[in-house]
Amino acid sequence: MLPVFRNGWFPTLFEDFLNTDLMPRANITAPAVNVKESETAYEMELAAPGIKKEYCRVSINDDGNLCIAIENKMEHKDEDKKHHYLRREFSYSNYEQNYTLPDDVDRNGIAAKVENGILTVTLPKMKKEEKKVGKAIEIS
């Protein structure tokens, strides 16, 4: 038995182009995260192409965990009076994740910035106390 299409037996070119019923939906996943460590800090990089800093929230919750939230609203609005849109795509996604921080992170010094589609969170390490070296003093 042959499948029956909306407008008869064969779809038109435009129906083929615009029909996404048979196409799998893209899975929305969390942004890729890189974590680097130096002697003085940890640095997290989250890929967030096209994101504005107004849509990012970085905080420490009551449990002492790092909370990163990104709300991405993208509307593709190309105003062109010469064309009639057959399809417009709008995108909206939310991402929120809690990260357990290492014990040596200075929670008061955490900083974040958005640049070139990357949210960078710098987590400075607490300064290590100099070890006090015990020494026996010889009595003369």
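## Strands β2 and β7

Strands β2 and β7 run antiparallel and are joined by 7 bridges. One of the residue pairs here is alanine 47 with isoleucine 118, its bridge partner in β7. Please keep in mind as you read that this is a predicted model.

Glutamate 45 and alanine 112 are 67 residues apart along the chain, yet their C-alpha atoms are separated by 9.7 Å.

Strand β1 covers residues 33-37 and strand β2 covers residues 41-47; the two run antiparallel, with 5 bridges between them.

Two bridge pairs are handy to locate on the model. Valine 35 has methionine 44 as its bridge partner in β2, while glutamate 37 is partnered by tyrosine 42. Both glutamate 37 and tyrosine 42 return in the next section, among the contacts of lysine 125.

Two polar contacts can be traced from the side chain of lysine 125. One, at 2.6 Å, is with the side chain of glutamate 37. The other goes to the backbone oxygen of serine 38, at 2.9 Å. The charged end of lysine 125 also sits over the ring of tyrosine 42, 4.8 Å from the ring centre. As for pairs between aromatic rings, the structure holds 0 of them.

Beyond residues within four places in sequence, the contacts of lysine 125 include Glu39, Thr40 and Ala41, along with Asp104, Val105 and Asp106.

## Valine 58 in strand β3

Valine 58 is found in strand β3, which runs over residues 56-60. How accessible is valine 58? Its relative accessibility is 30%, so valine 58 is classed as partly exposed.

Leaving out residues up to four places away in sequence, valine 58 touches Leu66, Cys67 and Ile68, as well as Ala112, Leu119 and Val121. Between valine 58 and glutamine 97, which are 39 residues apart along the chain, the C-alpha separation is 10.0 Å.

## The chain as a whole

Stepping back, the chain has 1 helix and 7 strands. Along the sequence they follow the pattern α-β-β-β-β-β-β-β. In a regular strand, side chains alternate between the two faces of the sheet.

The accessible surface of the chain comes to about 12400 Å², with 52% belonging to carbon and sulfur atoms. Among contacts between residues at least 6 apart in sequence, 46% join residues at least 24 apart.

How values were computed
Residues numbered from 1 in each chain as written. Predicted model: local features only at pLDDT ≥ 70, side-chain atom pairs only at ≥ 80, totals over all residues. Heavy atoms only, no water. Helix = DSSP H or I, 4+ residues; strand = E, 2+ residues; numbered from the N terminus. Contact = heavy atoms within 4.5 Å. Areas by Shrake-Rupley, 256 points an atom, 1.4 Å probe, with all protein chains shown as cover. Polar contact = N/O pair within 3.5 Å; in protein donor to acceptor, adjacent residues only side chain to side chain. Phe/Tyr/Trp six-rings, centres within 6.5 Å; stacked < 30°, edge-to-face > 60°. Lys NZ or Arg CZ within 6 Å of the ring centre and 35° of its normal. Buried < 20%, exposed > 50% of the residue type's maximum accessible area, 1.4 Å probe, protein only. Pairing = 2+ DSSP bridges.
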